[in-house]
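Work through the exercises below with the model open beside you, and try each task before you read its solution.

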Amino acid sequence: MRSFKVCLVSAEVVPYAKTGGLADVAQGLARSLARAGHDIRVVMPMYRRVREAGHALEPVPGLQDVAFQIGGRRLYFSVSSTRLPGSTATVYFVRCPELYDRAGIYTQDPDEHLRFAALCVASVRLCQQLGWAPDVFHCNDWHTGLLPLYLWTHFAWDALFQRSRVVMTIHNIGYQGVVGADKVGELGLENERNLLHQGDLKAGQINLLKTGLLYANAITTVSKTYAAEILEPELGMGLETTLRQRKSDLFGIVNGVDYEDWSPATDVHLAHHYSPANMRGKALCKQALLQRMGLAPDLEAPLVGIVSRLTIQKGFDLLPDILPVLLRKHNLRLAVLGSGEERYESYFAWLQRTFPGRVAYDRGYKEPLSHQIEAGSDMFLMPSRFEPCGLNQMYSLKYGTPPIVRRTGGLADTVEQWEPTTRQGTGFFFGEFQAEALMNTVDFAVSQFRDAAGWKQLVANGMAKDFSWDRQGELYVQLYDRVCPPAPPIR
Ligand code: ADP
Ligand code: GLC
């Protein structure tokens, strides 16, 4: 297979900035593609947290205080670079303090669309300055939605990009970057008005993700099931028509797992390690987790873990109707790490107050604790309404923590129902988004936990699964091969 030059543009990349799975995927995919010999350059904003973290960054010559015009606004950006840890891939940070030097990665500020439009422009300008023609601009989510349109219009004059193609990956259609049509000018698209989605313009808006879907050469999303689900109104969330029109260019590629960061045998965040051959460390991790979270030290009681952004997507609305019942019925423990919408945060805080020693809730965003919950829990709960892929269920499998999940999106593609009679399967599903369905599934999981031999097999089945990026990265390479023109002959 030929070697590709890929410019991967992402709003989040581990270990620099992360709010969710996008960051893990950007790192994991970049590492695996670089390992396979492709030339990978990742571009992301230099948020305040990146600047303050003290990473060793090199200013890129020729890319300091570069002026650029976006709409009526004149901005300056500078670029610094480094190697992605554990990889030969290069990461470029776009420094533009006016846009990125803020407390959060994402903001509610009125120029949020500009922050990411600027990332698209800077990514292309960066390639120009380097004289580096990517075969593929690999864009991710709404933040990068304008890149193909800018490339085919503002930069159409530049022969450097004649052979470049754009792949747009949808990680989450729940965020589309919708702004008022009055922003056309600010986005520098006054002359391209006729290229924007006309129905949206008439309705007074511009949808940045939809714009990307219109102009990318190929579209991917992060599981096969989700690729089918987003063609329907319920989960297409208004983009189903556009996606159906582009159905032959839409591909589902399940995310991989970066086992360098997520393996119980080597995880730097764990005090005790374990592997299928020696599981003693898992019990020690459970003990440590119970203690750390202030839960009663009962190793026999099943401990259920949750690590999540607390948004409507994740399905926690099902819990109030059943959790108090479940906690009374079974001697369960619940360890929750997550932040997000206030209603969920206050629910988990209430639960902790009401069931002291049985429920522990940490409202923070804590990388080490997220690993410790994966390792120390007996089961992992993801009752998502929708889940494009989901990474935590795959981490759970590797950590010997069978996941309880709703049969949707990537959860359906990566978990297999445990069948006690055949002793096959890796976790537990429920189908309908209904509290009772979840309750029955938790009841079933707890009953299985009591069967030590069966549970051991279930855990072993999950730990044996391999979702490594090398396999999944190869599927992206095949897609790049499909969208790119044949390599020019070597003279
Ligand atoms: P999503 O991208 O929708 O949030 P994923 O399952 O793909 O869902 O990825 C979530 C990632 O974010 C996982 O790596 C998970 O461990 C991490 N994560 C979510 N919430 C927290 C938190 N509060 N603290 C630490 N890590 C978190
Ligand atoms: C999104 C999705 C999640 C997916 C992640 C990485 O935020 O919600 O399901 O795993 O992106 O692709």
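Helices (H or I, at least four residues) and strands (E, at least two) are DSSP runs, numbered from the N terminus. This is a predicted model, in which local features need pLDDT of at least 70 and side-chain atom pairs count only at pLDDT 80 or more, while totals for chains, interfaces and linings use all residues. Residues are numbered from 1 along each chain as its sequence is written, chains are lettered from A and ligands numbered from 1 in the order in which they are written, and side-chain values use heavy atoms, with hydrogens and water left out.

**Exercise 1. Describe the shell around ligand 1.**

Begin with the neighbours, where a residue is near a molecule if one of its heavy atoms lies within 4 Å of it. Ligand 1 is surrounded by 21 residues, and Lys18, Gly21, Arg309, Lys314 and Leu391 are the closest.

Next, assign the shell to its elements: helix 1 (21-35), strand 13 (303-310), strand 14 (333-340) and helix 15 (392-398) each supply at least two of its residues. Strand 13 makes the largest contribution, with three residues.

Finally, consider the domains, whose bounds come from an automatic or database domain assignment. Ligand 1 lies between domain 1 (5-258 + 470-483) and domain 2 (280-466), because both give residues to the shell around it.

**Exercise 2. Carry out the analysis for ligand 2.**

First, list the neighbours: 13 residues surround ligand 2, with His171, Asn255, Gln313, Glu387 and Gly390 the closest. Helix 1 gives the most to this shell, namely three residues, and domain 1 and domain 2 each provide at least three.

Then turn to the contacts, among them an oxygen atom of ligand 2 that is 2.6 Å from an N or O atom in the side chain of His171. A backbone N or O atom of Cys389 lies 2.9 Å from an oxygen atom of ligand 2. The protein covers 94% of the 310 Å² of accessible area that ligand 2 has on its own.

Key. Polar contact = N/O pair within 3.5 Å; in protein donor to acceptor, adjacent residues only side chain to side chain. Areas by Shrake-Rupley, 256 points an atom, 1.4 Å probe, with all protein chains shown as cover.
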